[in-house]
Amino acid sequence: MSEPNKPAAKQKKVFDIHPEGQRIHPKKATGRFANLRIFVLLATQIFFYGVPWLMWNNRQAVWFDIGGRHFYLFDIVLVPSDLFLLSGLLMVCAFGLFWWTTIAGRLWCGYACPQTVYTEIMLWIDHLVEGDRNKRLKLQKEPWHARKIAIKLTKYLLIIAVAAWTGITFAGWFVPIREFVPALFTGNAASGAITAAAIYGTFTWLLGHIMREKVCLHMCPYARFQSAMFDHDTLIISYDAERGEPRGARKKNANPQDEKLGDCINCTMCVQVCPVGIDIRDGLQYQCIGCAACIDACDEIMDKMQYPRGLIRYTTEAVLKHEYSDADIKKRLLRPKVALYGGFLALAASAVIAGLITRQTLHIDIFKDRGVMVRENKQGLLENAYSLKINNASEKPQTVWASVRGFDDIYLTGIPEQGLEVPAGTLITVPVQVATQPEYADKGSHPIEFEFRYRYSGAPESDTRTLKEKASFIGE
């Protein structure tokens with residue numbers, strides 16, 4: 001969108017609202033989009049702070065047990081061999097972000113990004129303790145005195161408390177939080193968990209309170225490559241320059257046409273509420289995080305002036321150029337780039353769902369005993385030794401039966417005929433031996449195949465599942 005023409009003096013006045021190099025003190029915005037941000041913020045933080053405290057089957061419901069190499073997600077237990085699901089999930093997140101950005105711009109940044117969320121929490125604390133924007137600016141200019149020290153101390157204690165509890169909660173996703181929190185206050189917590197909590201809490205304080213909008217302006221890579229996904233049909237926050245220009249002050253009941261002015265009264269409220277300190281009237285800027293605070297502020301002014309809302313709104317460049325109207329959603333959704341990202345997203349999501357449905361609850365790895373390649377047993381048979389790593393990735397004990405094929409006469413020992421019971425959520429190592437007649441296994445390597453049948457202990461035979469693994473037998 002082209003840059004609107006503004007009088008130089010008024011333009012400088014706008015930019016002086018947030019002097020370069022100084023902390024931005026945005027005015028608190030109220031309105032429908034502010035309420036939506038509060039709802040999303042509360043939803044995400046209830047999830048983050050609350051989920052680790054949920055219990056499931058006498059354990060933490062969601063627990064990423066890195067030391068034990070198990071990820072618990074309610075009834076689902078993932079082990080290292082399920083890492084392909086993590087890769088699929090990352091692809092879903094990536095394509096989901098690309099697809100959504102192409103349609104609706106940086107809504108993720110404005111409503112759900114952790115940086116935005118914790119910056120908003122820190123701004124709430126600022127507003128709660130120090131007051132609104134004007135009071136904060138006034139306090140900042142005052143010399144240090146007892147009242148100012150008390151206010152600043154109270155604010156920093158609240159900020160540190162939020163950051164500390166955020167760090168503790170983060171660690172609680174990786175260690176049982178119901179054990180970690182009491183151990184932390186008694187001095188018996190594991191050093192690794194304490195370190196994780198301290199690092200995450202410190203970065204919450206550093207990025208959310210100290211750096212704030214600087215992260216979005218200078219550190220976030222998403223702001224830099226979003227232009228590759230934007231086009232003239234992407235929904236973004238825009239100022240309608242055709243309607244708003246020329247801007248200027250006027251009396252409340254004045255008709256802008258009589259004053260030869262646009263609807264913008266140049267109140268700068270859209271700049272005052274912006275958490276990154278930009279003037280949306282200058283057109284699309286990479287710094288804009290799409291939070292819509294400027295929309296709420298402008299709509300409030302339009303209501304007071306009895307002008308129609310929407311001078312600043314979510315819209316597209318194509319709408320501002322009158323190619324179609326805001327109501328024509330099909331123009332935004334039915335286009336090749338959206339279909340391409342949507343197709344990749346659907347494929348990745350389908351693969352993850354299919355992987356979860358078909359995943360094995362028992363994982364077996366076969367390792368050849370390299371200490372003794374081949375030996376002759378008491379029966380005069382050639383014998384190879386193997387180690388079976390059996391991982392029960394479920395919350396119930398499972399019974400395993402094993403057999404092997406590859407020669408006309410082949411025998412497997414080490415697994416009882418009645419089956420081997422593997423406790424729930426455990427990894428066990430079982431030594432087994434495979435033997436055959438010497439005439440079948442001449443010198444060299446011979447392919448063989450293990451077949452494992454397993455089912456939950458006590459389950460009917462119809463629930464039996466089969467797992468096959470290839471190995472090699474060394475002859476002489």
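Select Asp240 and then its surroundings: leaving aside neighbours within four places in sequence, Asp240 is in contact (heavy atoms within 4.5 Å) with Leu311, Arg313 and Leu320. Asp240 sits in the loop between β6 (236-239) and α12 (241-244), where helices (H or I, at least four residues) and strands (E, at least two) are DSSP runs numbered from the N terminus. Is Asp240 buried or exposed? Asp240 counts as buried because its relative accessibility is 15%, given that buried means under 20% relative accessible area, exposed over 50%, and partly exposed in between, with a 1.4 Å probe and protein chains only.

Before going on, keep in mind that this is a predicted model, in which local features need pLDDT of at least 70 and side-chain atom pairs count only at pLDDT 80 or more, while totals for chains, interfaces and linings use all residues. Residues are numbered from 1 along each chain as its sequence is written, and side-chain values use heavy atoms, with hydrogens and water left out.

Next, select Glu245 and Pro246, where the peptide bond from Glu245 to Pro246 is cis, with omega near -5°. Pro246 belongs to the loop between α12 and α13 (269-272).

Now select Asn57, which has a positive phi of about 55° although it is not a glycine. Asn57 lies in the loop between β1 (55-56) and β2 (59-60), and it counts as partly exposed because its relative accessibility is 47%. His322 also has a positive phi, of about 65°, and is not a glycine either. Look for His322 in the loop between α15 (317-320) and α16 (329-333); at 57% relative accessibility, His322 counts as exposed.

Finally, colour the two domains, domain 1 (19-359) and domain 2 (362-474), whose bounds come from an automatic or database domain assignment. The C-alpha centres of domain 1 and domain 2 lie 53 Å apart, and 12 residues of domain 1 are in contact with nine residues of domain 2. The area buried between domain 1 and domain 2 is about 720 Å², of which carbon and sulfur atoms give 43%; buried area is the accessible area (1.4 Å probe) that two parts lose on being put together, summed over both.

Which side chains meet in a salt bridge? Select Arg59 and Glu395, whose side chains form a salt bridge at 2.0 Å, N to O, the term being used for a side-chain nitrogen of Lys or Arg within 4 Å of a carboxyl oxygen of Asp or Glu. Across the interface of domain 1 and domain 2, the rule finds one salt bridge.
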